[in-house]
Amino acid sequence: MWCSFCHSGCPIGNIIPEFNDAVYRDSWQEAWEILSSTNNFPEFTGRVCPAPCESSCVLGINQDPITICNIEKNIVETAYKNGYVKPKIPTSRTGKTVAIIGSGPAGLAYAEQLNSAGHTVTVYERDEKVGGLLRFGIPDFKLGMDVIDRKIAVMEATRNQNGCECSYRC
């Protein structure tokens, strides 16, 4: 029987007991689908989130709580290793074009959501590489640049798919 205390502790609303259960059952693709359904960037949050969900875990009453961030990170790495991570290519385009200024976490999340909804999206960034705070504000030991670049590559893979002109430009 699952409790929802970890849900209330998660600021982005991850469906924690469900993806934990999928991992327990060794159903990693299902775990990835559950995790990525509520989180644009589990690649990042599994590494840098302060994990308020873990302190909300009821197991912490009499034993160590579940290490949710470690589970999330393992789901992500397994998903990349097994090819479960795919670009979010919409089935049709709306004909609308959106420009997003700034490629920090919010800008990239909006870009991915708008692209998934069928809009053509261009993200503009003044720095030499996209990522904003992810790239220039979080130390490498917490979030490696290779993790950011890997996610950007997945997002850019929507370019020229179904007429998408998604790009990331300085």
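Mentor: Start with a definition. Accessible areas come from the Shrake-Rupley method with a 1.4 Å probe. Keep in mind that this model is predicted.

Trainee: What is the accessible surface of the chain?

Mentor: About 9200 Å². Carbon and sulfur atoms hold 54% of that surface.

Trainee: How many of the residues count as buried?

Mentor: The chain has 170 residues, and 44% of them are buried.

Trainee: Why is glutamate 112 called buried?

Mentor: Set the value against the cut-off. Buried means under 20% relative accessible area. Glutamate 112 has 6%, so it is buried.

Trainee: Where is glutamate 112, and which residues does it touch?

Mentor: Glutamate 112 belongs to helix α7, residues 105-116. Leaving out residues up to four places away in sequence, it touches Asn40, Phe41, Lys88, Lys151 and Met155.

Trainee: Why does asparagine 82 count as partly exposed?

Mentor: Its relative accessibility is 38%. Buried stops under 20% and exposed begins over 50%. The value falls in between, so asparagine 82 is partly exposed.

Trainee: Where does asparagine 82 lie?

Mentor: In the loop between α6 and β1 (97-101). Its C-alpha atom is 8.5 Å from that of glutamine 29, although 53 residues separate the two along the chain.

Trainee: What makes a set of residues a nonpolar core?

Mentor: The members must be buried residues of the nonpolar kinds, joined through side-chain atoms within 4.5 Å. The largest such core here has 17 residues. Phe19, Ala31, Trp32, Ile75 and Val85 have the most contacts inside it.

Trainee: Which helices each supply at least two residues of this core?

Mentor: α2, α3 (28-38) and α6 (68-81). The largest share, 6 residues, comes from α6. Another core, of 16 residues, lies apart from this one and includes Ile100, Leu108, Ala111 and Ile148.

Trainee: Which residues of α2 and α3 are buried?

Mentor: In α2 (residues 16-24), they are Ile16, Pro17, Phe19, Asn20, Ala22 and Val23. In α3, they are Ala31, Trp32, Ile34, Leu35 and Ser36. The buried residues of α3 pack against α2, α4 (42-48) and α6.

Trainee: Which residues is valine 85 in contact with?

Mentor: Trp32, Ala79, Tyr80 and Val154, once neighbours within four places in sequence are set aside.

Trainee: How do you know that the charge of arginine 150 sits over the ring of tyrosine 80?

Mentor: Check the distance and the angle. The CZ atom must be within 6 Å of the ring centre and within 35 degrees of the ring normal. The charged end of arginine 150 is 3.7 Å from the centre, and the pair is counted as a charge over a ring.

Trainee: Where is confidence lowest, and where is it highest?

Mentor: Strand β3 (residues 167-169) is lowest, at a mean of 44. Helix α3 is highest, at 94. Over residues 162-170, pLDDT stays under 50. The mean pLDDT of the chain is 83, and 82% of its residues reach 70 or more.

How values were computed
Residues numbered from 1 in each chain as written. Predicted model: local features only at pLDDT ≥ 70, side-chain atom pairs only at ≥ 80, totals over all residues. Heavy atoms only, no water. Buried < 20%, exposed > 50% of the residue type's maximum accessible area, 1.4 Å probe, protein only. Helix = DSSP H or I, 4+ residues; strand = E, 2+ residues; numbered from the N terminus. Contact = heavy atoms within 4.5 Å. pLDDT = per-residue confidence, 0-100.
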